[in-house]
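Please read them with the structure open beside you.

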Amino acid sequence: MNLSASLQYIKGVGPKLAKHLEKLSIRNVTDFVYYFPRLYDDRRTLPKLVGIEYGENIQAYGRILDIKERKVRPGLTIINCKISDGFGTLSVQWFNQAFLKKVLRVGLWVYVRGKVEFNHFEKETQLSVSEHEFYQSYEELSMNLGAIMPIYGLKAGLYQYQMRKVAKAIFKENNFEIEDPLPIALKRSLNLADLKPSIIELHYPSSRENFNKARTRLVFDEFFYYQLRLSQKRIQFRSSSMAKPLRVEGKLIDAYFSNLEYTLTNAQKRVINEIKGDLSKNTSMNRLVQGDVGSGKTDLAIFSLLCAVETGKIGALMAPTEILVVQHYLKLKKLFHNLDIKIHLLKSKMKAAEKRATVEALKGDKACIVIGTHSLIQGYVELPNLGCVIIDEQHRFGVIQRLELRKKGINPHALFLTATPIPRSFMLTSFGDLEKSIIDELPPGRKAPNTYFINDSELESAYTHCKKRLSMGEQLYIVYPLVEESEKLDLKSAVEGFEIIKAQFQSYTVGLIHGRLKPQEKSEIMKEFKDNKIQILVATTVIEVGIDVPNASMMIIRHAERFGLSQLHQLRGRIGRGGQQSDCFLVGNPKSDSGKGRIKAMVETNDGFKLSEIDLKIRGPGDMLGTKQSGIPDFNLANLIKDESILVCSKQVAEKIIKDDPNLESLDYRKIKKKLMEEHTELLELQLN
Ligand code: ADP
Ligand code: MG
């Protein structure tokens, strides 16, 4: 049977069934072939209805002998059937599924799965159904037993047995032919199974071992064709991304280093050398720097900005929050106060005249530095003389936003900074062409904060502890949580907290900062905190990233269970920046396992890389990085975390093939090329970052 043939040519598929299948985007044989089961049910041995075991997930089948319906109380209806398989009987029940009355009838064959218990009240063994299938005859039922059965994802109106009938017609009655594009030698060298038997195995597994081998083959395919296309695109991209090299030495850079109050860590020096190497080339830098909070990433940003200015170009730095942008701006202003460098600030709320002047200056060909929020990527900003872009806290931006900033210039050099490690598998897919640097060393003298988990009743003693340290001149953050994503409620809890804290700590000045304040007010409060005019800062998560006040050595986080793990780690990263030992109190009452897990992880480790691994396990990759934002396709079978080794292998193979034969012209790759041409999904610079 031709793979593109409509399903209607398959025995048993009438127009009605075809219509239902269409709802699952299954239109032809290929669609069905690649519509893999969601789960499998091992029905190779089913128990007889004598001496059936107690427990969860027990399977049984039989013929309905009688049906009873009982309304136990308002809101609880039970349908109870007695079924028999000729050897014994079993009582089977459904809760609150009144609609089944229309389907159930004496004589119907059922397959059920659920929990089996002894009901002491009715004195009988009962199965509470969680899954069921109904069949008109024993013959029909028996076709769905005795093997590992596929369970397909369904939509209303479709039944498992119908899907299995189609599967049987296609696979068992050998109605399909599929060409395997992979050359035999390649399959042999990678120990990959053939395509057709692998597909059949996925629908009708014969054993765990065979199934795994088949799945590996199909997962390989999913990654492989994607990586081939990425590799091809990358070659085109590289040849079109000629950039102007930047000067990596000069007066400004020297002055900057000699003005620094500290010596750079070895890790910082190493990364600066890597950046130097990139900037000296005539292809644009595309580098991600990953370093835990407080590891000194800002210095790398400053270095790169200066290289742009030394070359007579513009260096742009984009950061995700206004507070952070202002902080960077003030830091640079201070560092360069005796140097001849123009530094601009760009954010959404600015005096109109000021903004206009900045936007105008950025259009020109004068060298300068600009620090901005998302405002930098707005349509009215033009940066024709852009030499280098830096994106701070890059995980807070989407792929498109990162790309937008680069597009403001002609192949500018780009540097991305992040404290949130990107799993390797994501690096290999979405971040295909990105070089990576790691800062694995904190500036000397840092002590990891002590982290304590306490409940509300222990808050009082935490306050006492903090008062002691406040009296020695140190400072305290008190963070109030995100309440159901609502800024309004956030604010309420912080404002209420502010009043309580003021009453608690009367000898100190308490400040309040949150997202609703005017930018000017926010800057002023941050400045007062930095200058120790405010000793206690009550805050919402606006202080989550980047804020740097080394004298603040204490943090209390209320309702800690409501924060995500990376958020907690980022928040805690605000303290422990001076030389003193700092203390972080997580106050809360976690109920869910994941909430407990996050707090436990925070207490146990201060290592951002470990925490993000744990986070990945708790949340799953899509949620953690926003797969949609990252531009990574939805793979059908493949799992980016579980199948990482297959991903690595497919990437290596794809790159080698494209390197040897960029247009896949050799006879060996003819079929692969054909398969790639059939793919229509757009794959653009997005995946190349
Ligand atoms: P992050 O990597 O989180 O962006 P920052 O760049 O904000 O970290 O640096 C955190 C703090 O450490 C800042 O106060 C910065 O001045 C300081 N710092 C950076 N590098 C060093 C160093 N090599 N020695 C001492 N302090 C440093
Ligand atoms: Mg930073």
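1. How many bridges join strand S16 to strand S18 (residues 536–539), and do they run parallel or antiparallel? In this predicted model, S16 and S18 are joined by four bridges and run parallel, with leucine 537 of S18 as the bridge partner of tyrosine 477.

2. S16 (residues 475–479) is also joined to strand S19 (residues 552–557), here by five bridges and again in a parallel arrangement, and in this pairing valine 479 stands opposite isoleucine 557 of S19.

3. Five of the five residues of S16 are buried, so the strand is largely enclosed by the rest of the structure. Gln475, Tyr477 and Val479 point one way from S16, while Leu476 and Ile478 point the other way, and all are buried.

4. Turning to the helices, the axes of H7 (residues 208–240) and H23 (residues 644–660) come within 8 Å and cross at roughly 45 degrees, which makes H7 oblique to H23; the crossing is right-handed. Among the residues that meet are Phe220, Phe223 and Phe224 in H7 and Ile646, Leu647 and Val653 in H23. By class, this contact of H7 with H23 has 13 nonpolar, five polar and three charged residues.

5. The axes of H8 (residues 251–259) and H10 (residues 298–310) likewise come within 8 Å, but cross at roughly 155 degrees, and therefore H8 is roughly antiparallel to H10. The contact is made by Lys251, Leu252, Ile253, Tyr256 and Phe257 of H8, together with residues of H10 including Asp299, Ile302, Phe303 and Glu310. By class, nine nonpolar, no polar and three charged residues make up the contact of H8 with H10.

Note on methods. Residues are numbered from 1 along each chain as its sequence is written. Chains are lettered from A and ligands numbered from 1 in the order in which they are written. This is a predicted model: local features need pLDDT of at least 70, side-chain atom pairs count only at pLDDT 80 or more; totals for chains, interfaces and linings use all residues. Side-chain values use heavy atoms; hydrogens and water are left out. Axes are lines fitted to C-alpha atoms, for helices over the stretch in contact, and angles run from 0 to 180 degrees between N-to-C directions. Helices (H or I, at least four residues) and strands (E, at least two) are DSSP runs, numbered from the N terminus. Angles under 35 degrees count as roughly parallel, over 145 as roughly antiparallel, 65 to 115 as roughly perpendicular and the rest as oblique. A crossing is left-handed if the near helix is turned anticlockwise from the far one by less than a right angle, and right-handed if clockwise. Contact means heavy atoms within 4.5 Å. Ala, Val, Leu, Ile, Met, Phe, Trp, Tyr, Cys and Pro count as nonpolar, Asp, Glu, Lys and Arg as charged, and the others, Gly among them, as polar. Buried means under 20% relative accessible area, exposed over 50%, partly exposed in between (1.4 Å probe, protein chains only). Two strands pair if DSSP finds at least two bridges between them.
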